[in-house]
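Dear colleague,

Please read them alongside the coordinates.

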Amino acid sequence: MHAEIDAPRLRRTVIVLLPLLLAALVTGDERWLSALVVTISCFIAFDSASLAPTGVLLHGLVVLIGFLALFFALRVPVVFVLGCAVLAAITTGITRFGSGLRSLGSFTFVPALYLACEAAENCPPEMFPQRAAQLLPYFCAAILPVLVASLVVHFRNKSFRGGGILARLTRLRGDGDLGERRLAGEAVVAVVLAVSIAAALVEWLRLDHGQWVVWSAASIVTGDIVTARRKLRDRFGGALVGVPAGIVLGFALPHATIAYLLMTIAIPLTFVAFRRYWVGFGARCACIACALVLTGQSMIIAEERALNVLLGGAIGASCVFGIHAMARSMRA
């Protein structure tokens, strides 16, 4: 089990999340817990792409713009579907500059979509501007711990200290290999199709927590058939094992505030704590299901989320395999 946990990365993440956790504990304001999504997303992007301070700020700004765009687009279903497709295309297309940028793209699309859908829950459309104004200060503050971490890391780096002040301020990332450059056209077409179908289905059927369907569809599109198939298997397995385990754990734990708080903290940590994807995803599903049970919600809601993951994964995989087969037949 010790070999499964990425302890150094987990420690770094806890340090970065600590200011928001303390703010939530001291003030009792749950909006700080919602803002954890921004912090963990910015940290993963910084850590995976070695973002410099300016890069961290730019990434955080894009996440916030994406959140606002999708949030207000929710008032018009067709616009929301188009918005999801455009953002997914942009964040997938960035991998043409290097496969190492995939996490940067994923953790731009996912937080924007998640925060938009969460903010819209139980909020009438006429209250959207007020809701956005309430949340934005928290989301902006959530970028600051990652910005500080980037400042510390990159100003310790000798290569980053070279050059003039202007060059350092405009630099987006430090040194490091971004991985193989590849044509992203097929992946972009697949993700646009997958996200469009998933978002349209969510709007048509009015699915609760439909964002799970949309980002599960997007997450399967990895750029090639082998990794897409592996990720589909990992997500299916993680959901099928994690959700029941989380429900059982939820009934076993005392239904106290501290238990729910610990689960809420554990959810973002599952993104970085484990070396293997399926273990982390399964743990994340377990924590979410457990948190739902601890808040008194029925098992049906937890099962719904698992079904949303499976539905989104099936849509994403179908689009990847279909577009790949079509492209291969055209090349033949």
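Leu 33, Ile 40 and Ile 44 of α2 meet Leu 261, Thr 264, Pro 268, Phe 271 and Val 272 of α12, where contact means heavy atoms within 4.5 Å. By class, the residues of this contact divide into 7 nonpolar, 1 polar and no charged, with Ala, Val, Leu, Ile, Met, Phe, Trp, Tyr, Cys and Pro counted as nonpolar, Asp, Glu, Lys and Arg as charged, and the others, Gly among them, as polar.

The model is a predicted one, in which local features need pLDDT of at least 70 and side-chain atom pairs count only at pLDDT 80 or more, while totals for chains, interfaces and linings use all residues. Residues are numbered from 1 along each chain as its sequence is written, and side-chain values use heavy atoms, with hydrogens and water left out.

Helices (DSSP runs of H or I, at least four residues) are numbered from the N terminus. The axes of α2 (residues 31–49) and α12 (residues 257–273) come within 10 Å and cross at roughly 15°, the axes being lines fitted to C-alpha atoms over the stretch in contact and the angles running from 0 to 180 degrees between N-to-C directions. The two helices α2 and α12 are therefore roughly parallel to each other, since angles under 35 degrees count as roughly parallel and those over 145 as roughly antiparallel. Their crossing is right-handed, a term used if the near helix is turned clockwise from the far one by less than a right angle.

Helix α2 also packs against α1 (residues 7–27), at an angle of about 160° and with the axes 10 Å apart, so α1 and α2 are roughly antiparallel to each other. This crossing, too, is right-handed. Among the residues that make the contact are Arg 9, Arg 12, Val 16 and Leu 20 of α1 and Trp 32, Leu 36, Phe 43 and Asp 47 of α2, and by class the contact has 13 nonpolar, 3 polar and 3 charged residues. Leu 33, Ile 40 and Ile 44 of α2 take part in the contact with α1 and also meet α12.

A further pair is formed by α4 (residues 77–93) and α5 (residues 102–120), which pack at an angle of about 160° with their axes 8 Å apart and are therefore roughly antiparallel. Here α4 passes α5 in a right-handed crossing. The contact involves Phe 80, Cys 84, Leu 87, Ala 88 and Thr 91 of α4, together with residues of α5 including Gly 105, Phe 109 and Cys 117, and its residues divide into 8 nonpolar, 3 polar and no charged.

Turning to the spaces, a 1 Å grid over the protein atoms alone was used, on which a cavity is a set of points where a 1.4 Å probe fits but cannot get out, a pocket is an open set with protein on both sides within 12 Å along at least five of seven lines, and lining residues have an atom within 4 Å of a point. The second largest pocket has a volume of about 460 Å³, and of its 19 lining residues the closest to its centre are Leu 74, Ala 120, Glu 203, Arg 206 and Leu 207. Its lining divides into 11 nonpolar, 3 polar and 5 charged residues.

Notes
Parallel < 35°, antiparallel > 145°, perpendicular 65-115°, else oblique. Points joined across faces, edges and corners; volume = space filled by probe spheres on them.
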